[in-house]
Amino acid sequence: MGVLPRVLIAGLASVALASPVIGQKADDQISPRSVQLQRQGESLLSAGKLEAAEDTLETSLAVDPRNRWAFVDLARVAEKQHLFGKAIRMTNKALQLEPNDADAIAVQGEAMVELGAVARAQQNLQKLQSICVKGCPQVAQLSAAISRGPTVAAAKSPETPKSN
């Protein structure tokens with residue numbers, strides 16, 4: 001008679017622990033709504049509508065925060081807005097989801113170049129070269145950015161010293 005309550009408790013505990021796992025999605029299944037919004041944001045970015053693209057991409061991430069392509073596209077929007085620190089943060093989030101995302105590594109490297117961190121961008125280029133053994137467009141893209149150097153920093157006029 002003492003065994004039956006123990007068996008019932010063990011059975012109920014196993015059902016209670018298994019229930020939350022049943023409703024979860026696999027990590028590789030991104031919400032179709034999030035993907036649709038991400039593609040819409042990508043189109044807006046291509047059209048130069050940066051604010052609308054940013055809003056749409058943020059909505060995409062609100063629908064499914066595992067959509068790393070939305071993070072990469074947000075980084076591209078931030079680059080066009082000359083917010084290179086934000087671009088690096090967005091690519092870091094994408095790289096947390098997929099450490100070998102060639103697009104995220106390249107976009108991050110370009111943002112690093114614009115901030116003057118060419119040595120770190122060079123590290124990203126080396127990582128890309130090890131990932132893309134046969135070569136990929138991201139390697140050429142980042143190589144070109146490193147070769148040309150920071151464009152925004154060079155465009156700023158030098159500050160004149162203040163005199164009192």
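# A chat about a helical model

Visitor: Leaving aside neighbours within four places in sequence, what is W69 in contact with?
Guide: With those neighbours set aside, W69 is in contact with I30 and Q38. Contact here means heavy atoms within 4.5 Å.

Visitor: Before we go on, what kind of model is this?
Guide: This is a predicted model, where local features need pLDDT of at least 70, side-chain atom pairs count only at pLDDT 80 or more, and totals for chains, interfaces and linings use all residues. Residues are numbered from 1 along each chain as its sequence is written, and side-chain values use heavy atoms, leaving out hydrogens and water.

Visitor: Back to W69, then. Where does W69 lie?
Guide: W69 lies in helix α4, residues 68-80. Helices (H or I, at least four residues) and strands (E, at least two) are DSSP runs, numbered from the N terminus. W69 counts as partly exposed, because its relative accessibility is 38%. The classes are buried under 20% relative accessible area, exposed over 50% and partly exposed in between, with a 1.4 Å probe and protein chains only.

Visitor: Let's look at α7. Which residues are buried there?
Guide: A121, N124, L125 and L128 are buried in α7. They sit on the same side of α7, because they cover an arc of only 105° around the axis. That arc is taken from the directions from the helix axis to the C-beta atoms.

Visitor: Why would residues three or four places apart point the same way?
Guide: An α-helix has 3.6 residues a turn, so residues at that spacing point the same way.

Visitor: And what do the buried residues of α7 pack against?
Guide: They pack against α6 (102-114) and α8 (137-148). On the other side of α7, A119, Q123 and S130 are exposed.

Visitor: New topic: which cysteines form a disulfide?
Guide: C132 and C136 do, with their sulfur atoms 2.2 Å apart; a disulfide is a pair of cysteine sulfur atoms within 2.5 Å. The structure holds one disulfide.

Visitor: Right-handed or left-handed?
Guide: The torsion about the S-S bond of C132 and C136 is about 75°, so the disulfide is right-handed.

Visitor: Is C132 buried or exposed?
Guide: C132 is buried, with a relative accessible area of 13%. C136 counts as buried too, at 17% relative accessibility.

Visitor: What about T56: which residues does T56 touch?
Guide: Not counting residues up to four places away in sequence, T56 touches L37, Q40, G41 and L44. T56 lies in helix α3, residues 50-63, and counts as buried because its relative accessibility is 12%. A polar atom of the T56 side chain lies 2.8 Å from the backbone oxygen of A52.

Visitor: Last one. What is the phi of H82?
Guide: Phi of H82 is near 60°, a positive value in a residue other than glycine. Most residues other than glycine have a negative phi. H82 lies in the loop between α4 and α5 (84-97), and H82 is partly exposed, with a relative accessible area of 49%.

Conventions: Polar contact = N/O pair within 3.5 Å; in protein donor to acceptor, adjacent residues only side chain to side chain.
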